[in-house]
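The sequence and structure are shown below.

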Amino acid sequence: QVQLVESGGALVQAGGSLRLSCAASGRTFSSYDMAWFRQAPGKRRELVAIITSRGSTNYADSVKGRFTISRDNAKNTVYLQMNSLKPEDTAVYYCNADVYLHSYWGQGTQVTVSS
């Protein structure tokens, strides 16, 4: 069982920056593929960014160049650095861990970007 604890969600003005954190339990965090998803009101949950156990990354087109996903294996933590935020980035952001035959989800953290 993997427990994911998210933090960092906040209200921020357009053009501002925010860093989300996701702390994971487990002794083999470095082997997990980690990702951030988001879900805006009335919308489907969508993939925002992924970082594999090898450290390779991929981003949704809507955030590429503005967001950066990273991980600190010594701290069992994955981050999402969000810069140049736009109102359309407003959503609940979820941390996800892919662990062998199972996926785990955090509870979500609210990000609101005001214009």
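## Nonpolar core

In this predicted model, the largest nonpolar core comprises 30 residues. Leu 4, Met 34, Trp 36, Leu 80, Met 82 and Tyr 93 have the most contacts inside it. Two or more residues of this core come from each of β3 (18–24), β4 (33–39), β5 (46–51), β7 (67–72), β8 (77–82), β9 (91–99) and β11 (109–114). The largest contribution is that of β9, with five residues.

Which residues does Met 82 touch, not counting residues up to four places away in sequence? They are Gly 16, Ser 17, Leu 18, Leu 20, Arg 66, Phe 67, Tyr 93 and Val 111.

## Asn 76

Asn 76 lies in the loop between β7 and β8. Asn 76 counts as buried because its relative accessible area is 18%, under the 20% cut-off. Apart from neighbours within four places in sequence, Asn 76 contacts Cys 22, Ala 23, Ala 24, Ser 25, Gly 26 and Phe 29. The C-alpha atoms of Asn 76 and Thr 28 are 8.8 Å apart, although 48 residues separate the two along the chain.

## Positive phi angles

Most residues other than glycine have a negative phi. Asn 76, which is not a glycine, has a positive phi of about 50 degrees. Tyr 100, also not a glycine, has a positive phi of about 50 degrees.

Is Tyr 100 buried or exposed? Tyr 100 is exposed because its relative accessibility is 77%, over the 50% cut-off. Tyr 100 is located in the loop between β9 and β10 (102–105).

Note on methods. Residues numbered from 1 in each chain as written. Predicted model: local features only at pLDDT ≥ 70, side-chain atom pairs only at ≥ 80, totals over all residues. Heavy atoms only, no water. Core = buried A, V, L, I, M, F, W, Y, C linked by side-chain atoms within 4.5 Å. Buried < 20%, exposed > 50% of the residue type's maximum accessible area, 1.4 Å probe, protein only. Helix = DSSP H or I, 4+ residues; strand = E, 2+ residues; numbered from the N terminus. Contact = heavy atoms within 4.5 Å.
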